[in-house]
There are 2 protein chains.
Amino acid sequence: MSKTMRDVGEFGFIRDLRTRLASRNPFVVLGAGDDAAILRPTPGREMVFTTDLMVEGRHFDLKTMTPRQLGVKSMAVNLSDCAAMGAQPKACVVSLGAPKTFPYKKIMSFCDGLVQGGRPFGCLVVGGDTVGSDKLVVNVAMLGEVEKGKALRRDEAKEGDVLFVTGTLGDSGGGWHSLSHPGQKAKEARPILHQRHLAPVPRCQVGRLLVRAGFSRCAIDISDGLSSEVNHLCEESGVGAEVHAQAIPLSSALSYYCREMRLDPLTFALDGGEDYELLFTAPVSKAAKILGRIAVSTGVRVTPIGRIVSAQKGIRFIDEKGRRRPLKAKGFDHFGS
Amino acid sequence: MSKTMRDVGEFGFIRDLRTRLASRNPFVVLGAGDDAAILRPTPGREMVFTTDLMVEGRHFDLKTMTPRQLGVKSMAVNLSDCAAMGAQPKACVVSLGAPKTFPYKKIMSFCDGLVQGGRPFGCLVVGGDTVGSDKLVVNVAMLGEVEKGKALRRDEAKEGDVLFVTGTLGDSGGGWHSLSHPGQKAKEARPILHQRHLAPVPRCQVGRLLVRAGFSRCAIDISDGLSSEVNHLCEESGVGAEVHAQAIPLSSALSYYCREMRLDPLTFALDGGEDYELLFTAPVSKAAKILGRIAVSTGVRVTPIGRIVSAQKGIRFIDEKGRRRPLKAKGFDHFGS
């Protein structure tokens, strides 16, 4: 029989963890194992601080996701918040609630996923908390660093700015649709969409480049759908926006999946959650440089999808036929009915 | 009918919250509302970073605790971790999982409790995450600041040091016992013990004084019972300890309750959880100063309960009759059977 959390106990678990997490850098004076980690901030930097809670059956399902993937994704959603601030991720603390009978091997895979998810972005797990719980619950709280006064904020969009997005939109929503509607149709596209849903890649490099090159002051990550995020950004900045349907970047996997399944890919792009791409703004004068430099330096596609306009003009969506309608926020609301 | 989380929605909730949390200080450049908060670390300080997860039915029960008390306590357990590091609490992010049908008024009371819990200690709520969940789930992640190289660590106890504790031990365990065994016996003592269980006071002032006065390098907070924490501290420091039963500070409320209920108060002091007092060590030469200065400056009682000895001598408990036995860690294990 394989060991459970109960067999190992909280303190045995913490011992095992410390071995796995043991890694230092100039930022981490003391990692997991004390009442708190000790960190040494880099002089001249500000810190960004964010957190995300994921609950089994709401945000993830271990039927469609391995514990390791869950670990990687728990990191990714927080790394994406750092990316949206233009910050370099540095350290995080992870809380895990798990049933007593949960297989210990799976918990260790989850922890390996955390390390795997953080490593490419320079983010270390420096502590956490583990408790008993009926359902699996994961909370990550993350710190990043950014040059003083240079963080990308939601409230810095200016009239006339170009609106950009990274990557392609709607893939994660399409992936979720495919996972919940298994079948043979469009089967070539499905694994690609599943991957985009289960293992989103946070756009940390792009966020850092936007700050370091002085390209942008304003960004948000697309976690609740483009429609929702454009609205957030405009509300915070006190501006309006025009978004062009034809400009929204769609992957060929999503287009193909939607064609076969008779779905509208734009619905996923506008209202599907969890893409974790960046939406950012920049003056027109920088647009050409941005498009070239980001592609060359990071390999990530960047697409202009519209413009920031005055608040009076509202937040509008211009469809394929040139018709304008308000772009309503229909993204995911965790308490919506 | 009163409003629920579903009626208000995630974004309505966040709007309400921002109004309640709106408060700035030189440390907080940008509070709740963006992808992450922006913080400005104090030059020359290090940061401590800690997190605690609480799950309904495991760590708290809304039958015996108001939502406001839950808010205050969620802060207290993290503030206590900062105290144990000797750090000044600065900012935290709070994740809340709640059922869609949860009354909105209770959520707001919980948030008021967070603010109320943090304010006396200078800690602001700068962000968070809210999600749907069957049971109430609360996670707080907190940052504090401490003078470079001065944090109180578990691994700094030295042979010959005196072992001190703040306050009285076992009250929280007694309070929990009383809440789960309602009755008329010892009824004068019960409210005092309930208060100690439901609203523990983090020892931040003591922690700061230990650092600033150079009294101690080594502390841990007593969240899982004295027996457990003495063992943690000794293991990390590679030392042994002697703890004297007669020296362990007990409140008159606990003594009275236990006499009436025919219970042993020492069991609560040694193995009961959630006292959130500090256990710390200091050289004998500083003992007199510590006892005087802490009482005068903070009003908190400090009691020497034993000595740090060599690892070879082990971790021993000396009972009222002078008999020695190993002090085994029997504190709370979240995954124990």
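**Note on the predicted A–B model**

1. In chain B, 58 residues are in contact with 57 residues of chain A, contact meaning that the C-beta atoms of two residues, placed from the backbone, lie within 7 Å. Strand S3 (residues 45-55) of chain B supplies the largest share of the side of chain B that touches chain A, nine residues. That side of chain B divides into 28 nonpolar, 15 polar and 15 charged residues. Nonpolar covers Ala, Val, Leu, Ile, Met, Phe, Trp, Tyr, Cys and Pro, charged covers Asp, Glu, Lys and Arg, and the others, Gly among them, are polar.

2. The model is predicted: local features need pLDDT of at least 70, side-chain atom pairs count only at pLDDT 80 or more, and totals for chains, interfaces and linings use all residues. Residues are numbered from 1 along each chain as its sequence is written, while chains are lettered from A and ligands numbered from 1 in the order in which they are written.

3. Strands (E, at least two residues) and helices (H or I, at least four) are DSSP runs, numbered from the N terminus; two strands pair if DSSP finds at least two bridges between them.

4. Within that sheet, strand S4 (residues 88-98) of chain B runs parallel to S5(B), joined to S5(B) by eight bridges. B:Ala98 has B:Gly132 as its bridge partner in S5(B).

5. Another pairing between the chains involves strand S3 (residues 45-55) of chain A, which is antiparallel to strand S2 (residues 37-39) of chain B and joined to S2(B) by three bridges. Here A:Met47 stands opposite B:Leu39.

6. Chain B also has an open sheet of seven strands with mixed pairing, ordered S8-S10-S7-S11-S9-S12-S13. Strand S8 (218-222) and strand S13 (324-326) of chain B each have a single partner strand, so one side of each is left without a neighbour in the sheet. Neighbouring strands are turned by 25° against each other on average, direction ignored. Strand S9 (residues 240-244) and strand S11 (residues 302-309) of chain B form four bridges in the antiparallel sense; B:Gly240 is partnered by B:Val309 in S11(B).

7. Helix H7 (residues 226-237) of chain B lies across S8, S9, S10 and strand S12 (315-318) of chain B, at about 150° to S8(B). Axes are lines fitted to C-alpha atoms, for helices over the stretch in contact, and angles run from 0 to 180 degrees between N-to-C directions.

8. In helix H5 (residues 190-198) of chain B, the buried residues are B:Arg190, B:Leu193, B:His194, B:Arg196, B:His197 and B:Leu198. Buried means 20 or more other C-beta atoms within 10 Å of the residue's own, with C-beta atoms placed from the backbone. Their cover includes helix H2 (67-85), helix H4 (171-180) and helix H8 (252-261) of chain B.

9. H4(B) and H5(B) pack at about 115°, with their axes 7 Å apart. They are therefore roughly perpendicular to each other, a term for angles of 65 to 115 degrees. The residues of this contact divide into three nonpolar, six polar and three charged.

Methods
Buried ≥ 20, exposed ≤ 12 C-beta atoms within 10 Å, placed from the backbone. Parallel < 35°, antiparallel > 145°, perpendicular 65-115°, else oblique.
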